[in-house]
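Here is a walk through a two-chain model, one contact at a time. Have the structure open as you read.

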Amino acid sequence: MTSYFDRTEFLRGVRHGLPFLLVVGPFALLFGVVATEAGLPVVQTLAFSVVVIAGAAQFTALQLMAENAPTVVVIASALTVNLRMAMYSASLTPHFGALPFWRRAFVAYGLVDQSYALAIIEFEKRSEMSLGQKFSYFLGSITPVFPAWYAATLVGALVGQAIPPSFALDFAVPITFLAMIGPMLRTKAHVLAAVVSVITALIFAFLPWNLGLMVAAAAGMITGAEVERQTEKARDSK
Amino acid sequence: MNEATTWIIIICMGIGSFGLRYVFLGIIGNRQMPEWVLRHLRYTAVAVLPGLVAPLVIWPSATGGQPDPARMAAAAATLVTGYVTKNILWAILVGALTLFGGLQTL
């Protein structure tokens, strides 16, 4: 039987995952608070974090639910935010493709921004790692993060129930989004994608069912991809 | 929004999010994705979140859709802090302080 557990790699993963507690904890806490302030029961707030495990998508759903957007629009918008997970999945497939079915399913569940970033950096740096070592490292990297994500959501939900409404928390979600956008603006392509998204969303804000957001998302993605293509072409022709 | 609808949203988002994470790992395997698809996927988050947040900043629901200087200042402070520090938590903190400061004074 092939062993999929390598203690050394598991512990290395745990060590590398630990610093993310500083980001994930407060973020989940905030989600718990904002979700209960928006009227979600504690059970549903926790279910969100356990089932979806994607902060940006969860906040997106919360905002659109508060705006009473149609259910389909809520789900579609939140999943669009999560499309990058498909990119992570594609990128890790050469490393994990040979795992048995349920282990691949487990990796898929544990695939978040942090675990992806750690895994891809480590696997590219140490190309000699075996399949079992890679799986152990991945398992280790999410071991501190996931329980913290659930627990902080629960604490946030309980705290949120105690905070009186009308604490200007209406703006907590926009601030959280803006805080996430800043670090994403790494290249000219990212900046222009964001700018086009903003302008398009404001122009098409009159559309029903938040369809303006869908238009803005498409326009932003096309802009980013096109700017990246042009930039690469300009660099290659030099 | 009633409780049953919320459950539907949670469950569909769970299935959808898992599907997105599983699609290549589990089903497509080692086949290569077309470059143009990957190129678009790279910009999904940065194309969705600004579009989502822009109307909320310009026409906040709490003021009945009237532009509000305190909220605009908080939005600008958050974005700039996030961009400069690359740190989400610092950005949230600066944004929240700007908002409460602004609501007190403006």
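## Two helices that cross

A quick word on terms: helix axes are lines fitted to C-alpha atoms over the stretch in contact, and angles run from 0 to 180 degrees between N-to-C directions. Helices themselves are DSSP runs (H or I, at least four residues), numbered from the N terminus. This is a predicted model, in which local features need pLDDT of at least 70, side-chain atom pairs count only at pLDDT 80 or more, and totals for chains, interfaces and linings use all residues. Residues are numbered from 1 along each chain as its sequence is written, while chains are lettered from A and ligands numbered from 1 in the order in which they are written.

In chain A, the axes of helix H2 (residues 21-37) and helix H3 (residues 42-51) come within 10 Å and cross at roughly 140°. That makes H2(A) oblique to H3(A), oblique being what is left once angles under 35 degrees (roughly parallel), over 145 (roughly antiparallel) and 65 to 115 (roughly perpendicular) are taken out.

Which residues meet here? On the H2(A) side they are Ala28(A), Phe31(A), Gly32(A), Ala35(A) and Thr36(A), and on the H3(A) side Val42(A), Thr45(A), Phe48(A) and Ser49(A). Contact means that C-beta atoms, placed from the backbone, lie within 7 Å. By class, the residues of this contact are five nonpolar, four polar and no charged. Nonpolar covers Ala, Val, Leu, Ile, Met, Phe, Trp, Tyr, Cys and Pro; charged covers Asp, Glu, Lys and Arg; the others, Gly among them, are polar.

## Where the chains touch

Between the chains, 64 residues of chain B are in contact with 76 residues of chain A. On the chain B side, the elements giving two or more residues are H1 (3-28), H2 (35-41), H3 (44-58), H4 (69-85) and H5 (88-105). H1(B) brings the largest share, 19 residues. That side of chain B has 43 nonpolar, 16 polar and five charged residues.

## A look at Ala56(A)

Ala56(A) sits in helix H4 (residues 55-66) of chain A. Is Ala56(A) buried or exposed? It counts as buried, because it has 22 C-beta neighbours inside 10 Å; the cut-offs are 20 or more for buried, 12 or fewer for exposed, and partly exposed in between.

Leaving out residues up to four places away in sequence, Ala56(A) touches Val81(A), Met180(A), Ala45(B) and Leu49(B). Ala56(A) and Phe27(A) are 29 residues apart in sequence, and their C-alpha atoms are 9.9 Å apart in space.

Technical notes
Contact = placed C-beta atoms within 7 Å.
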